[in-house]
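Dear colleague,

I am handing over a structure that you have not worked with before. Please look through the sequence and the model first, and then read the notes that follow.

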Amino acid sequence: MGATETLLATAALGMLYPLLCGQPLTIMGATGPIAAYIIALKGLGDAVGVKFLPLYAWSGIFMSGYMFLAAMFSLSNAIKKVTRFTEELFSVLIS
């Protein structure tokens with residue numbers, strides 16, 4: 001996915017999501033960690049010999065299953081074990 005595809009997808013979903021979900025102030029867009037993940041996934045797909053879009057789709061399906069299980073077993077309570085350093089590190093990556 002190049003910059004043009006990312007911008008078009010962000011624009012389309014940025015208009016569709018607020019209409020369907022009722023959250024008009026949600027920021028839709030690629031951040032630094034997401035861009036780094038996509039670049040790393042593309043490199044992995046090239047190294048293994050797998051097409052990028054199916055690999056990207058299957059990684060999304062895997063993550064949705066993982067997030068479902070995390071919600072079912074309330075794994076968010078593990079945040080108590082995370083230090084402030086980790087929180088600051090993620091805030092630096094996102095900004």
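**What was found**

At 37% relative accessibility, Lys42 counts as partly exposed. Please keep in mind throughout that this is a predicted model.

Lys42 forms a salt bridge with Asp46, and the closest N and O atoms of the two are 3.7 Å apart. A search of the whole structure finds 1 salt bridge. The two residues are 4 residues apart in helix α2, which means that about one helical turn separates Asp46 from Lys42. Asp46, with a relative accessible area of 52%, is exposed.

Helix α2 itself covers residues 32–48, and its 17 residues should span 24 Å at 1.5 Å a residue, which agrees with the 24 Å between its end C-alpha atoms. Its buried residues are Ile38, Leu41 and Gly45. Seen down the axis of α2, these buried residues fall within an arc of 65°, so they line one face of the helix. On the face turned away from that buried side, α2 carries the exposed residues Ile39, Asp46 and Ala47. Val48 is also found in helix α2, and with a relative accessible area of 58% Val48 is exposed. Between Val48 and Lys80 there are 37 Å in space, C-alpha to C-alpha, although the two are 32 residues apart in sequence.

Helix α3 can be described in the same manner. Phe52, Ser59 and Ala70 are buried in α3. They cover an arc of only 30° around the axis, which puts them on the same side of α3. The face of α3 turned away from its buried side carries the exposed residues Leu53, Trp58, Phe68 and Met72.

Which residues make the aromatic pair in this model? The count of such pairs comes to 1. It is formed by Phe52 and Tyr56, whose ring centres are 5.3 Å apart and whose planes stand at 15°, so the pair is stacked. Phe52 and Tyr56 are 4 residues apart in helix α3, and about one helical turn therefore separates them.

With 58% relative accessibility, Phe62 counts as exposed.

The last point concerns the backbone at Ser74. Most residues other than glycine have a negative phi. Ser74, although it is not a glycine, has a positive phi of about 55°. Ser74 has its place in the loop between α3 and α4, the latter being residues 84–94, and at 35% relative accessibility Ser74 counts as partly exposed.

With kind regards

How values were computed
Residues numbered from 1 in each chain as written. Predicted model: local features only at pLDDT ≥ 70, side-chain atom pairs only at ≥ 80, totals over all residues. Heavy atoms only, no water. Buried < 20%, exposed > 50% of the residue type's maximum accessible area, 1.4 Å probe, protein only. Phe/Tyr/Trp six-rings, centres within 6.5 Å; stacked < 30°, edge-to-face > 60°. Expected span 1.5 Å × (residues − 1). Arc of directions from axis to C-beta. Salt bridge = Lys/Arg side-chain N within 4 Å of Asp/Glu carboxyl O.
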